[in-house]
Amino acid sequence: MKADSYWIDTAPAFDGGASGPVPARADAVVIGGGYTGLAAARALAMAGARVVVLEAGRAAHAASGRNGGQCNNGLAQDFGSMAGAYGLDRARAFYRDFDDAVTTVETLVRDEGIDCDFSQGGKLKLAAKPEHVAKLEASAELLRREVDADVTFLDAAETRREVASDTFHGALLFRRSASMHVGRFGAGLAAAAARRGAQVFENAFVSRLEPLGGGRYRVTSTRGVVDAERVLIATGASEKGPFGWFRRRIVPIGSFIVATEPLPGDMRRRILPGARTCTTTRLIGNFFRTTPDDRLIFGGRARFALPGPRDDAKSGIVLRRAMVGMFPELAQTRIDYCWGGVVDMSADRLPHAGRHEGLFFATGFSGHGTQMSVHLGAAMAAAMLGTRSDVVWDQGRWPAITGHYGKPWFLPAVGAWYRIKDALS
Ligand SMILES: Cc1cc2nc3c(=O)[nH]c(=O)nc-3n(C[C@H](O)[C@H](O)[C@H](O)COP(=O)(O)OP(=O)(O)OC[C@H]3O[C@@H](n4cnc5c(N)ncnc54)[C@H](O)[C@@H]3O)c2cc1C
């Protein structure tokens with residue numbers, strides 16, 4: 001078994017990184033070379049800006065190279081609760097922006113000719129308990145009436161035809177959701193940004209930001225110092241660097257994935273015949289999908305720990321147990337890959353974008369950023385260029401999480417609380 005992301009291991013390496021020191025000046029500096037930063041850099045370069053991307057490690061190797069490859073539409077939260085909290089119009093705007101985000105990825109893949117198996121096969125949200133069925137059915141009715149006529153409720157028998165498991169009691173089908181090979185997408189996006197004229201500096205850790213007035217900043221990195229007219233913070237769940245304000249608003253949470261060996265015969269088509277992406281209704285739930293080379297990619301918040309060799313392996317054991325519980329015929333199936341990544345969780349589990357002390361930012365994707373980070377990165381590029389001021393995730397005020405100063409000391413308690421809620425709901 002490889003302790004590595006299946007996606008990164010099976011994607012071509014991005015070899016278009018800039019060489020030499022960073023230039024002394026740039027129109028825009030993008031800090032972070034994940035999907036958010038790369039999509040922003042591409043859009044800025046296409047508009048004619050001189051763009052520098054400063055990435056501490058390798059481009060698209062953090063969350064962007066380690067996720068579940070689910071490019072889903074629909075909100076993670078219940079639409080009715082969102083409408084209650086934010087009003088119907090805003091909830092609709094949030095929902096529709098996820099639809100648009102899937103379209104943004106689809107368009108980008110096509111325009112840049114990225115070979116990443118992008119396929120709009122739909123998503124199933126699976127009822128993990130009989131008690132969850134009525135809620136899903138009501139949710140389907142509300143969604144169809146208010147925002148998405150494409151959503152369908154599936155009863156237990158219909159769900160069984162979609163997922164060959166006795167674990168689920170019903171499902172919602174979201175037809176616009178997609179899947180893709182996120183490693184090939186990341187490498188393709190980085191190459192596209194570079195081809196469009198952005199200078200992508202890898203191994204360029206940013207350690208200092210000095211305001212120069214009017215939104216201009218001097219940015220110090222391990223590859224040199226650059227003065228920027230505009231700066232975008234696209235650092236995800238970064239635990240290092242001068243981003244204290246963001247760290248008080250983002251909780252880094254570990255999420256883990258295993259990839260099986262290629263399943264023999266027609267097993268892949270038997271267990272998930274529609275090749276749809278799948279999530280479950282539990283708070284500490286699972287997400288899974290298959291790949292064109294016949295593997296099952298199976299993930300979840302297996303442990304409330306941050307990734308690392310020991311915790312990845314332990315999480316792999318928990319995930320394998322859950323996978324076999326769902327699909328007993330996989331009891332003898334080998335696990336080929338096991339890896340973890342860090343999710344940038346916000347308190348309301350929604351993305352946040354805007355401007356703080358002149359710095360533009362887009363973060364807090366809360367485990368639903370494969371599509372939204374690409375979309376919001378491009379939207380923030382337009383905001384930086386002054387051509388857009390209506391980004392729906394720019395909610396103005398973004399309060400810090402009380403008691404959170406960067407180290408998520410409260411995670412074990414949150415994990416325990418979620419487990420209790422899962423047991424009771
Ligand atoms: C295990 C896992 C599974 C997931 N599954 C899904 C899924 O199936 N569907 C979905 O929609 N979303 C999923 N997500 C979420 C999705 O991957 C992210 O929302 C998305 O990739 C965020 O992109 P990003 O560019 O904002 O952040 P990242 O990809 O994390 O990029 C941030 C970059 O900033 C760099 N950086 C940080 N600090 C500095 C510094 N000081 N100087 C320079 N650079 C710095 C980092 O090195 C990193 O490369 C998952 C996430 C994880 C971890």
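# Exercises on salt bridges, cores and helix packing

R92 forms a salt bridge with D89, and in this predicted model the closest N and O atoms of the pair are 3.3 Å apart. The exercises below start from this pair.

**Exercise 1.** Determine which parts of the chain are tied together by the salt bridge between E112 and R196, and classify the accessibility of E112 and of R196.

*Solution.* First, the closest N and O atoms of E112 and R196 are 2.9 Å apart. Second, E112 belongs to helix α5 whereas R196 sits in the loop between α8 (182-195) and β8, so the bridge ties together parts that are 84 residues apart in sequence. Third, E112 has 11% relative accessibility and so counts as buried, while R196, at 34%, counts as partly exposed.

**Exercise 2.** Locate the two partners of the salt bridge between E202 and R58, and state the accessibility class of E202 and of R58.

*Solution.* The closest N and O atoms of E202 and R58 are 3.7 Å apart. As for location, E202 is in the loop between β8 (199-201) and β9 (206-213), and R58 is in the loop between β2 (51-54) and α3 (63-66), so that the pair links distant parts of the chain, 144 residues apart. With 12% relative accessibility E202 counts as buried, whereas R58 counts as partly exposed at 35%. To widen the view, the count by this rule comes to 27 salt bridges, and E261, D293, R295, R334 and D336 are linked in a network of such bridges.

**Exercise 3.** Identify the residues with the most contacts inside the largest nonpolar core, and list what W393 touches.

*Solution.* The largest nonpolar core has 78 residues, and those with the most contacts inside it are F118, F185, L376, M380 and W393. Helix α5 (residues 88-112) gives the most to this core, contributing nine residues. Turning to W393, and not counting residues up to four places away in sequence, its contacts are F94, D97, F98, L350, P351, H352, A353, M372 and L376. A second, separate core of 24 residues includes L124, F168, L272 and C278.

**Exercise 4.** Describe how helix α2 packs against helix α12, and name the residues that meet.

*Solution.* Start with the geometry: α2 (residues 35-46) and α12 (residues 372-385) pack at an angle of about 45°, with their axes 7 Å apart. That angle makes α2 oblique to α12, and α2 passes α12 in a right-handed crossing. The contacts then follow: from α2, Y35, T36, A39, A40, A43 and L44 meet S373, V374, G377, A378, A381, M384 and L385 in α12.

**Exercise 5.** Characterise the surroundings of A192 and its accessibility.

*Solution.* A192 lies in helix α8 and, at 0% relative accessibility, counts as buried. Leaving out residues up to four places away in sequence, A192 touches R42 and E112.

Terms used: Residues numbered from 1 in each chain as written. Predicted model: local features only at pLDDT ≥ 70, side-chain atom pairs only at ≥ 80, totals over all residues. Heavy atoms only, no water. Core = buried A, V, L, I, M, F, W, Y, C linked by side-chain atoms within 4.5 Å. Buried < 20%, exposed > 50% of the residue type's maximum accessible area, 1.4 Å probe, protein only. Helix = DSSP H or I, 4+ residues; strand = E, 2+ residues; numbered from the N terminus. Contact = heavy atoms within 4.5 Å. Salt bridge = Lys/Arg side-chain N within 4 Å of Asp/Glu carboxyl O. Axes fitted to C-alpha atoms, helices over the stretch in contact; angles between N-to-C directions. Parallel < 35°, antiparallel > 145°, perpendicular 65-115°, else oblique. Left-handed = near helix turned anticlockwise from the far one by under 90°.
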